[in-house]
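Colleague: I have just opened this one and have never looked at it before. Could you walk me through it?

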Amino acid sequence: MSCPICHAQTDPKYRPFCSRRCADLDLARWFNGSYAVPSQREEDAEIPDADEGTFGGTSGDGRLH
Ligand SMILES: [Zn+2]
């Protein structure tokens, strides 16, 4: 398991990320991505309540099964 942001070794404290920094970066990227896609509803995508949804996903960001 590697950090989805920088592919460094994952820290159990911040998994699936390697650090708090990357966790914040991913959140910011998630927000930017949701706002950049006009077809996505902001009210649904505003707060991802499934933080662990990104744990198993590598290519499909924000896609929940
Ligand atoms: Zn990282």
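Colleague: Which residues make up the largest nonpolar core?

Modeller: Bearing in mind that this is a predicted model, the largest nonpolar core is a set of five residues, namely Cys3, Phe17, Cys18, Cys22 and Ala23. As a general background, nonpolar side chains in soluble globular proteins tend to be buried together.

Colleague: Let's take phenylalanine 17 then. Is it buried or exposed?

Modeller: Phenylalanine 17 counts as buried, because 23 other C-beta atoms lie within 10 Å, and the cut-off for being buried is 20 or more.

Colleague: Where is alanine 23 found, and what is it in contact with beyond four places in sequence?

Modeller: Alanine 23 belongs to helix 1, and, once neighbours within four places are left aside, its contacts are Tyr14 and Phe17. Alanine 23 is also buried, because it has 21 C-beta neighbours inside 10 Å. Between the C-alpha atoms of alanine 23 and cysteine 3, which are 20 residues apart along the chain, the separation is 9.1 Å.

Colleague: Stepping back, how many helices and strands does the protein have?

Modeller: There are three helices and zero strands, which gives the pattern α-α-α when the protein is read along the sequence. Of its 65 residues, 12% count as buried. Among contacts with a separation of 6 or more, 14% come from residues 24 or more positions apart.

Colleague: New topic: which peptide bond is cis?

Modeller: The bond from arginine 15 to proline 16 is cis, and its omega is near 5 degrees. Proline 16 sits in the segment before helix 1, the helix that covers 20-36. For context, most peptide bonds are trans, and most residues other than glycine have a negative phi.

Colleague: Which residue has a positive phi although it is not a glycine?

Modeller: That is histidine 7, whose phi is about 65 degrees, and which also lies in the segment before helix 1.

Colleague: Why does histidine 7 count as exposed?

Modeller: Histidine 7 counts as exposed because it has 10 C-beta neighbours inside 10 Å, where the cut-off for exposed is 12 or fewer.

Note on methods
Residues are numbered from 1 along each chain as its sequence is written. This is a predicted model: local features need pLDDT of at least 70, side-chain atom pairs count only at pLDDT 80 or more; totals for chains, interfaces and linings use all residues. Helices (H or I, at least four residues) and strands (E, at least two) are DSSP runs, numbered from the N terminus. Two residues are in contact if their C-beta atoms, placed from the backbone, lie within 7 Å. A nonpolar core is a set of buried Ala, Val, Leu, Ile, Met, Phe, Trp, Tyr and Cys residues joined through C-beta atoms within 7 Å.
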